[in-house]
Amino acid sequence: MVTGSVNYLDVGLKLEVEPNVHLDGDVAIKLNLEVSNITNVVTQAASGTRAYEIGTRTAQTVLRLKDGETQILAGLIQDDQRRDSTKIPALGDIPILGRLFGSQRDDGRKTEIVLSVTPRVVRNPQLYDVDTLEYWSGTETGLRDGTISLKGAGTSGVMGAQTGAAGAAGAPGAAGAGRPAVPARGTGLLSGFAPRTQDGAAPPQAPSVAQPFNLSIQAPPQVKQGDKISVLVSAPAGVGISNVGFSLGFDPGVFKVLAVSEGDLVRKASAPSNFSQDVDQGGGQVVIGLSENGGSAVSGGGSVAVIQLEVVAAKGGSQLSLSRVSAAGANDAPLTANAPPPVIINTVAQ
């Protein structure tokens, strides 16, 4: 007794595609290609049933394309050589004369799979401007990325009542019995309230005019298309700073930001520093902030940040400019921050 079972298999071309759309519009496609066909037919002598041998070729790859970009995937070459002969036993094996007693057929076939892949992004998530996603914390003169804390200014003393003979005689500015004396206009602070430290002494007054603070931009005057340059934004010597923030503007059609790193001014700090940077390539802007922990000031001058740029187009004169410059000195004392004039870079073709 002979038993058998039948299995149905899909033979042909099988393609599995897993796309992944990135925020910049690129599409990463994971492909799994499988090609199968019948390579041989086997007939069982006992039952007379036929069995088929299946040959399978597979390929796996990952493509990254832009929207509408086409890429060709080729390979999976198959070369088949088949020979069929029909002849009379014994007589068909005779050299040369055996062809009179039989027939022979040779069949050769070569195939290759060529696949063209073109992704189309129907709808991509909308990217909002960096100004609506992130914001600076701190004050107008001191940008920071930490928590704002209020520092105590000491205690306040109140001028007491004068109950002596001068007050009883009705001297100018004297008060009645049991009421505090009112100081004359221009004396004291906040109409009779003056700040005092814990030992009772008046604290030193802050200077009325903030110390000037001028940044500078260092860049090559002329570059070629395809060059990679370093732009340094430096702080002046002789001015101690605890934090500084600014925005570097550039032409996005001419320059491409490769990297933003902290300058050598950070290495002069006694405590770890907080360095933050935000690049908006489409808007042509790099926002940079540097703050010292504990409000300690760093002096001596040096570079605050180093911006690596690549020249992607030749446009003649293109400028780099600083805006929204703010700085503070020791204990977050405000400094008069001034933006330098724009730097003109002449970009030429190779």
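Me: What kind of contact joins the side chains of Asn 243 and Ser 242?

Reply: A polar contact is a pair of N or O atoms within 3.5 Å; within protein, one must be able to donate a hydrogen and the other to accept it, and residues adjacent in sequence count only if both atoms are side-chain atoms. Here, a polar contact of 3.5 Å links the side chains of Asn 243 and Ser 242. This is a predicted model, where local features need pLDDT of at least 70 and side-chain atom pairs count only at pLDDT 80 or more, while totals for chains, interfaces and linings use all residues. Residues are numbered from 1 along each chain as its sequence is written, and side-chain values use heavy atoms, leaving out hydrogens and water.

Me: Is Asn 243 buried or exposed?

Reply: Asn 243 has a relative accessible area of 3%, so it is buried (under 20%; exposed is over 50%, partly exposed in between, with a 1.4 Å probe and protein chains only). Asn 243 sits in strand β14, residues 243–249 (a strand is a DSSP run of E, at least two residues, numbered from the N terminus).

Me: In what order do the 4 strands of the open sheet lie?

Reply: Strands of a sheet pair through backbone hydrogen bonds, either parallel or antiparallel. In this open sheet the order is β11-β13-β18-β15, with antiparallel pairing (two strands pair if DSSP finds at least two bridges between them). Its edge strands, β11 (216–218) and β15 (255–262), each pair on one side only.

Me: How many bridges join β11 to β13?

Reply: There are 3 bridges between β11 and β13 (residues 228–235), and these two strands run antiparallel. Look for Ser 216, which stands opposite Ser 234 in β13.
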